[in-house]
Amino acid sequence: MLTPSPIPSFNLELNEIERSLISQIITTVDRLVNDSKVKEIKLALRLSDSFLNFERYCRIFGEISRNKPQISQARLGLVAITQMLLQGLWLSQREQPLRNRL
């Protein structure tokens, strides 16, 4: 009989900047899903600011990728998620007629 293997624990030590970006990603998704009157441009600006701070202080390649590849991989995941959300917010603004944005 086969026994299921346990789910590996997600035990990364995240710094404050990484936690801040994760929090902003969750806030962005939550507001997009649950708030019909959301100002997408404001969400995009807040997410952009949080991402720029992350990019400034959190290295992905070099020593970190050699010594702690799990952290490097997690940071690449945060970059991908942020890119997807910002692209979606930008495209949704482009699709709206100008009069609806004013």
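What percentage of the 102 residues in the protein do buried residues make up?

Author: Buried residues make up 25% of the 102 residues. The model is a predicted one. Its secondary structure consists of 5 helices and 0 strands, and from the N terminus the order of elements reads α-α-α-α-α.

Now to the helix pair. Two packed helices are described by the angle between their axes and by the distance between those axes. Helix α1 covers residues 16-34 and helix α2 covers residues 40-57. Their axes come within 9 Å of each other and cross at roughly 165 degrees. An angle over 145 degrees counts as roughly antiparallel, and α1 and α2 are therefore roughly antiparallel to each other. The crossing in which α1 passes α2 is left-handed.

The contact can be read residue by residue. On the α1 side the residues are I17, E18, S20, L21, Q24, I25, T28, R31 and L32. They meet E40, L43, R46, L47, S50, F51, N53, F54 and Y57 on the α2 side. By type, the residues of this contact divide into 9 nonpolar, 5 polar and 4 charged.

Two of the α2 residues in that list, F51 and F54, deserve a separate look. The structure holds 1 aromatic pair. A pair of aromatic rings is described by the distance of the centres and the angle of the planes. For F51 and F54 the ring centres are 5.9 Å apart and the planes stand at 35 degrees, so the pair is tilted. Planes under 30 degrees apart would count as stacked, and those over 60 as edge-to-face. Along helix α2, F51 and F54 are 3 residues apart, and so about one helical turn separates them.

As for accessibility, buried means under 20% relative accessible area. F51 has a relative accessibility of 17% and therefore counts as buried. F54 is buried as well, with a relative accessible area of 1%.

One further position concerns another helix. G88 sits in helix α4, which covers residues 69-95. With a relative accessible area of 37%, G88 is partly exposed.

Technical notes:
Residues are numbered from 1 along each chain as its sequence is written. This is a predicted model: local features need pLDDT of at least 70, side-chain atom pairs count only at pLDDT 80 or more; totals for chains, interfaces and linings use all residues. Side-chain values use heavy atoms; hydrogens and water are left out. Axes are lines fitted to C-alpha atoms, for helices over the stretch in contact, and angles run from 0 to 180 degrees between N-to-C directions. Helices (H or I, at least four residues) and strands (E, at least two) are DSSP runs, numbered from the N terminus. Angles under 35 degrees count as roughly parallel, over 145 as roughly antiparallel, 65 to 115 as roughly perpendicular and the rest as oblique. A crossing is left-handed if the near helix is turned anticlockwise from the far one by less than a right angle, and right-handed if clockwise. Contact means heavy atoms within 4.5 Å. Ala, Val, Leu, Ile, Met, Phe, Trp, Tyr, Cys and Pro count as nonpolar, Asp, Glu, Lys and Arg as charged, and the others, Gly among them, as polar. Rings of Phe, Tyr and Trp (its six-membered ring) pair if their centres lie within 6.5 Å; planes under 30 degrees apart count as stacked, over 60 as edge-to-face and the rest as tilted. Buried means under 20% relative accessible area, exposed over 50%, partly exposed in between (1.4 Å probe, protein chains only).
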